[in-house]
Each structure stands twice: as C-alpha cells, then as structure tokens.
Amino acid sequence: MSRLEREYNVLEEIGRGGFGVVYRARCIAKGKEWSGKNVAIKKIDITRATRFRVELELEALSKLIHDNIVKFYDQFQEDDAQYIIMEYCKHRSLRDYVKQNGKLSDFSAAYILYQLVSAVEHIHEHNMIHRDLSAGNVLISSIREDKLYVKLADFGLVRKFREGDVARTMLGTPGYIAPQVYDQHYNQKADVYSLGGILYLMLTGSDPPRDREVNPFEKEVISLEGATLIQSMMDPNEERRVSLG
C-alpha cells in the first residue's frame with residue numbers, strides 16, 4: 001500500500017493543470033495537525049514537470065505563512081509523482097463564485113481586494129513574484145455575514161525576484177497578463193496588473209478581455225471609483241501603474 005493510500009482517502013478531483021491534478025481528500029492518518037480533516041492534494045507528474053519549478057513551489061508554500069495564502073501541510077514523493085498536501089477551501093474559487101452569483105458590490109470587492117493586496121505584499125516582501133494571479137487561483141475559505149474570506153493558491157509559476165531583477169518568461173492566465181509579460185521584460189508590478197484583472201471580474205462579473213486592444217469598460221457599467229482603481233492597476237505603462245503598499 002502506498003503512503004498516499006495509507007494516509008489519505010481521495011474523494012474527488014477538483015482541479016487540473018498542465019502538469020498536475022488537485023484532489024479533495026480526507027486525512028485518515030493519526031497524529032497529524034490535519035488528521036480527520038479534508039485537505040487539497042496536488043499531484044504533480046515529475047516525469048514532465050521541471051524539478052526546479054516543483055522545488056520553488058514547495059519553498060514558496062513553506063515560507064509564505066499568511067492568513068490569505070493557502071496553508072501548506074506536507075509533501076512527499078512516490079511513483080513518479082510529487083504530492084503537496086494543503087488546506088482545502090470548500091467554497092472553491094472566486095471566479096466560480098462570481099460566475100454563479102453575479103458581480104459583487106463595491107464593498108464586497110474592496111473587502112476581498114484588501115485581503116489579496118495583503119497576501120501579494122507578503123509574497124513580494126519575501127522576494128518572490130507569483131506570476132499567475134487570477135480569479136481562478138483565489139479560493140474562498142469561508143463566508144461569514146455576507147463577507148468572503150479568501151486565500152491565494154497555485155504557486156506553480158512562482159519565481160524568486162529581488163529589486164532590480166527582470167523576469168522574461170511569458171506565462172500566466174490570458175486577460176490577467178500585463179503587457180510587459182508578453183514583451184518578456186517585467187517585474188513585480190505584473191502581479192499588480194493581475195490583481196486589477198481580479199477586481200475587474202469582481203465588479204463586472206466578466207473576465208478581463210484577452211484582446212489588449214479592446215476597451216475593457218465599453219460594455220460594462222461600474223462605479224467611477226471602481227473603474228478608476230482598475231485603470232490605475234491595469235495601466236499598460238508599468239511606470240504609471242499603481243504600486244502596492
């Protein structure tokens with residue numbers, strides 16, 4: 001019997017990406033902090049994934065301890081797979097929530113954005129850049145008194161990044177990708193652009209346009225304050241783009 005089978009009862013698949021699958025499982029092993037709880041298990045095919053990418057993801061999850069980042073529990077390898085055990089967020093993603101329930105009020109969106117900015121500042125303070133911030137990678141951990149409490153997830157594209165560094169790999173989720181990423185010359189402000197895309201989805205109910213030539217507000221009706229903030233976060237010119245903090 002494998003370690004996975006000894007310690008976890010895998011219940012269902014809840015996500016799938018390029019090199020991995022995420023499952024909801026229940027920890028049946030005793031003596032662990034998360035014993036008896038539902039957890040999220042990410043299974044990465046290490047015959048296809050780059051080893052240094054897996055190591056960076058594990059390093060990020062183990063170091064980034066924050067109320068608005070998914071909690072890392074454990075990791076192990078067996079049968080050509082890397083398993084990462086994490087906190088399970090039962091309400092799924094922010095994108096799923098908005099698509100099902102419609103756009104959010106300015107107050108609700110601001111409350112979530114505050115949490116996300118705090119998490120991204122924490123990432124940047126630890127000399128990293130996320131590079132795949134999108135509404136699909138924001139998980140809702142709980143809903144209390146009509147307030148959504150969220151956590152950032154999926155650190156598979158994280159990169160170490162110090163002041164003055166330049167990242168050059170083109171990646172991310174279309175619509176949330178800063179122009180500088182397409183130009184393969186970007187910094188941590190690319191994460192700010194992506195946060196603006198998340199705010200856009202919250203206030204309009206739609207994903208930000210993939211076509212960079214499209215006016216994102218042409219068919220959307222949102223408050224002047226919301227539109228102004230989105231424009232400042234998604235400014236194509238990173239020098240004009242608002243900074244965190």
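Helices (H or I, at least four residues) and strands (E, at least two) are taken here as DSSP runs, numbered from the N terminus. The model is a predicted one, so local features need pLDDT of at least 70 and side-chain atom pairs count only at pLDDT 80 or more, while totals for chains, interfaces and linings use all residues. Residues are numbered from 1 along each chain as its sequence is written, and side-chain values use heavy atoms, with hydrogens and water left out.

Start with Gln115, which sits in helix α4 (residues 106-125). Gln115 is buried, at a relative accessible area of 6%; buried means under 20%, exposed over 50% and partly exposed in between, using a 1.4 Å probe and protein chains only. Leaving aside residues up to four places away in sequence, Gln115 touches Asn68, Leu148, Tyr149 and Val150, where contact means heavy atoms within 4.5 Å.

Helix α4 also packs on α6. Two packed helices are described by the angle between their axes and the distance between the axes. Axes are lines fitted to C-alpha atoms, for helices over the stretch in contact, with angles running from 0 to 180 degrees between N-to-C directions. For α4 and α6, the axes come within 10 Å and cross at roughly 160°. That makes α4 roughly antiparallel to α6; the cut-offs are under 35 degrees for roughly parallel, over 145 for roughly antiparallel, 65 to 115 for roughly perpendicular, and oblique for the rest. The crossing of α4 and α6 is right-handed, meaning that the near helix is turned clockwise from the far one by less than a right angle, with anticlockwise giving left-handed. On the α4 side the contact involves Asp106, Ala109, Ile112, Leu113, Leu116, Val117, Val120 and His124, and on the α6 side Asp191, Leu195, Ile198, Leu199, Met202 and Leu203. Sorted by class, this contact of α4 with α6 has eleven nonpolar, one polar and two charged residues. Here Ala, Val, Leu, Ile, Met, Phe, Trp, Tyr, Cys and Pro count as nonpolar, Asp, Glu, Lys and Arg as charged, and the others, Gly among them, as polar.

Helix α3 (residues 94-101) packs with α6 (residues 189-204) too, at an angle of about 20° and with the axes 9 Å apart. So α3 is roughly parallel to α6, and their crossing is left-handed. Leu94, Arg95, Val98 and Lys99 of α3 meet Ile198, Leu201 and Met202 of α6. Five of these residues are nonpolar, none polar and two charged.

Gln188 is in the loop between α5 (179-182) and α6. Beyond residues up to four places away in sequence, Gln188 touches His124, Met128, Ile129 and Phe161.

Two loop residues other than glycine have positive phi. Arg131, at about 75°, lies between β6 (128-129) and β7 (138-144) and is buried at 10% relative accessibility. Asp146, with phi near 65°, falls in the loop between β7 and β8 (147-152), but is exposed at 69%.

Finally, Lys43 belongs to strand β3 (residues 38-45) and is partly exposed at 33% relative accessibility. Its contacts, not counting residues up to four places away in sequence, are Phe19, Gly20, Val21, Tyr23, Ala81, Gln82 and Tyr83. An unreviewed UniProt entry covers Lys43 with the annotation "binding site"; UniProt positions follow the numbering used here, feature names are shortened, and annotations may be inferred rather than shown by experiment.
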